[in-house]
Amino acid sequence: MAHEIDPTQEHCDETQKCIILAMGHLRKLGMSIIPKLHGMEAHLVSQMRHVKGGICKLVEHWVEHYHQVGHRYDISYCRLGSLERQASVRSSAEARGRHVEVRACKKRRDEQIQRKVATTSWLLS
C-alpha cells in the first residue's frame, strides 16, 4: 500500500484491515504490544481520516512521555486487577491533575518549596 497525503475512505479501511491482521499475528506469537503498536492499532486510521496530511502528522510525544513515567504507573496501578480498571483509575487521576484549581495548588506548593529552599540555602554553605 502506498502512502497517500489525504487518503480516501477505502484506503483507510484497507489500512485498518492490515493493522488488525498484523496485530493479530503479533498477539498469536505472544509478542508484547508496546505503546507505539497500540497507537497504530487504536489511533492511526482515525488520524488518517481526520487530520490533514494523515500519518505525516502522527506524533509520538505521548509515547516518549509514557516511556519516562510508564514504569511508575505500572507499579502504582498493578494491584487494581483488570487492565480496564487500571486504565479507568489512571484516567481519572490524570484528569484531576489537569484541573485548573489543582494546577494552581501545585504551583503555589512549588513556589513555597522554592522560597523555603532559598531561605535555608545559607545553612548548606
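Helix H1 (residues 9-28) and helix H2 (residues 35-50) have axes that come within 10 Å and cross at roughly 175 degrees. H1 and H2 are therefore roughly antiparallel (an angle over 145 degrees). Contact here means heavy atoms within 4.5 Å. On the H1 side the contact includes His-11, Thr-15, Ile-19 and Met-23, and on the H2 side it includes Leu-37, Met-40, Leu-44 and Met-48. By class, this contact has nine nonpolar, four polar and four charged residues.

The model is predicted: local features need pLDDT of at least 70, side-chain atom pairs count only at pLDDT 80 or more, and totals for chains, interfaces and linings use all residues. Residues are numbered from 1 along each chain as its sequence is written, and side-chain values use heavy atoms, with hydrogens and water left out.

Thr-15 of H1 has 8% relative accessibility and so counts as buried (under 20%). A polar atom of the Thr-15 side chain lies 2.8 Å from the backbone oxygen of His-11.

Helices H4 (residues 83-98) and H5 (residues 100-120) also pack. H4 and H5 are therefore roughly perpendicular (65 to 115 degrees). Arg-96, Gly-97 and Arg-98 of H4 meet Val-100, Val-102, Arg-103 and Lys-106 of H5. These residues divide into two nonpolar, one polar and four charged.

The axis values are set out here, with angles from 0 to 180 degrees between N-to-C directions.

| Pair | Angle | Axes |
|---|---|---|
| H1 and H2 | roughly 175 degrees | within 10 Å |
| H4 and H5 | about 70 degrees | 5 Å apart |

Note on methods. Helices (H or I, at least four residues) and strands (E, at least two) are DSSP runs, numbered from the N terminus. Angles under 35 degrees count as roughly parallel, over 145 as roughly antiparallel, 65 to 115 as roughly perpendicular and the rest as oblique. Ala, Val, Leu, Ile, Met, Phe, Trp, Tyr, Cys and Pro count as nonpolar, Asp, Glu, Lys and Arg as charged, and the others, Gly among them, as polar. Buried means under 20% relative accessible area, exposed over 50%, partly exposed in between (1.4 Å probe, protein chains only). A polar contact is a pair of N or O atoms within 3.5 Å; within protein, one must be able to donate a hydrogen and the other to accept it, and residues adjacent in sequence count only if both atoms are side-chain atoms.
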